[in-house]
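Thanks for coming, everyone. Please take a look at the structure on the screen, and I will walk you through it.

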Amino acid sequence: SRGVYLGTGHNFLFGAPYERLMRDIADGRLGRIDHVDVIWNKFLPQVKFGPFGSWLFRDPRHVLFEVAPHSFAHASHLVGALDHVQARARDAVRTPTGAVFYRQWEVYGASGATDVRLHFSFVDGYTEHRLHVRGTSASATVDFELNTYVLHEHSQDLLDLDHLVTAARAARSTLVQAGATFGSAVLAKAGLAFDSGPYQASITGACKRFYECVGQRAAMDVRLAPELALKTVRLAATEARVVPLEQAPAATAAAAPAPAAHARPATPAPTVLVM
């Protein structure tokens, strides 16, 4: 009502590989989108090292609002609101304070004829963060961790030759992108004006795009618009409502020690945020 610009920054919507995917979808190279698959396999240090009194551990479903929105934003941006939402949480563990945390999550949904699957694993292991989109004409994979984008599309009538050409193109493209990412990291460490990695590049891109919209007095980019943020949080809230939680392991006697007699009184609820 006051003509003020509002933008919500998402961590992985402005990286170069994701923007290449957006261009190919807009140009029709993938055809009609049939399936979207998001993989988030990243160790969450807080589960092992804390702080165990944070908001994340006050309810097992809080991870759907703390971490999962990074991937929910991709699903919401690519296909819109999801229908027929289902979820599963498993691999429950307890923190030293007795809080329950589920390290494996599966989310399923659909938007029209497009199926969507999101997988989250917070187990300590090899880090993977990928987005795969399959269409009627091609498929594409964005690897946020490696900062690469690969488009797979048919190029030959002869199947064996087509497989060779497709694999060779993907290998060449991946090598070129990996070299560019490494070069930018080296130059950034040397103090030059380069982003130090794909995460920082996406954040920089989001800030740049926000101020472009403000400077041009244009409508806010849909990736920054509050509407996308609302869809993302609504999806998290839906998942929190429908997910069944498997039986958690029993708490040990040492998991939740009784407060000492000399424990300090509870801190009053804060009423002011200082930034």
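**A salt bridge to start**

Asp221 and Arg209 meet through their side chains in a salt bridge, 3.1 Å from N to O. A salt bridge here is a side-chain nitrogen of Lys or Arg within 4 Å of a carboxyl oxygen of Asp or Glu. Asp221 lies in the loop between H6 and helix H7 (226-242), and Arg209 in helix H6, so the pair ties together parts that are 12 residues apart in sequence.

Before going on, two notes on the source. This is a predicted model, where local features need pLDDT of at least 70 and side-chain atom pairs count only at pLDDT 80 or more, while totals for chains, interfaces and linings use all residues. Residues are numbered from 1 along each chain as its sequence is written, and side-chain values use heavy atoms, with hydrogens and water left out.

**Around Arg209**

Stay with Arg209. Its helix, H6, covers residues 198-216. Helices (H or I, at least four residues) and strands (E, at least two) are DSSP runs, numbered from the N terminus.

Asp221, by contrast, is buried, with a relative accessible area of 11%.

Arg209 has another salt bridge, with Glu212, at 3.2 Å from N to O. Glu212 and Arg209 are 3 residues apart in helix H6, so about one helical turn separates them. An α-helix has 3.6 residues a turn, so residues three or four places apart point the same way. Glu212 is partly exposed, with a relative accessible area of 29%.

Now widen the view. Glu19, Arg209, Glu212, Asp221 and Arg223 are linked in a network of salt bridges. Which residues does Arg209 touch, not counting residues up to four places away in sequence? They are Phe14, Gln216, Asp221 and Leu224. Contact means heavy atoms within 4.5 Å.

**A bridge between strands**

How many salt bridges does the structure hold? It holds 13. One of them joins Arg117 and Glu106, with the closest N and O atoms 3.4 Å apart. Arg117 lies in strand E4 (residues 114-121) and Glu106 in strand E3 (residues 100-111), so this pair ties together parts 11 residues apart in sequence. Arg117 is partly exposed at 24% relative accessible area. Glu106 counts as buried at 16%.

**The nonpolar core**

Strand E3 comes up again here. The largest nonpolar core has 56 residues. Such a core is a set of buried Ala, Val, Leu, Ile, Met, Phe, Trp, Tyr and Cys residues joined through side-chain atoms within 4.5 Å. E3 gives the largest share of this core, 5 residues. Trp105 is among the residues with the most contacts inside the core. Its neighbours beyond four places in sequence include Pro60, Leu64, Phe120, Phe122 and Leu245.

**Helix H5**

Next, find helix H5, residues 159-189. H5 has 31 residues and reaches 45 Å from its first C-alpha to its last. That is close to the 45 Å expected at 1.5 Å a residue; the expected span is 1.5 Å times one less than the number of residues. Buried residues of H5 include Asp162, Thr166 and Gln177. Where do the buried residues of H5 pack? They pack against helix H1 (16-26) and strand E7 (148-153). Just after H5, Gly191 takes a positive phi of about 90°.

**Strand E6**

Ser139 lies in strand E6 (residues 138-143). Ser139 is buried, with a relative accessible area of 15%. Among the residues that Ser139 touches are His132, Val150 and His152.

**The whole chain**

Finally, step back. The chain has 7 helices and 7 strands. Buried residues make up 39% of its 275 residues. The C-alpha atoms fill a box of roughly 75 × 50 × 45 Å, taken along the principal axes. Among contacts between residues at least 6 apart in sequence, 67% join residues at least 24 apart.

Terms used: Buried < 20%, exposed > 50% of the residue type's maximum accessible area, 1.4 Å probe, protein only.
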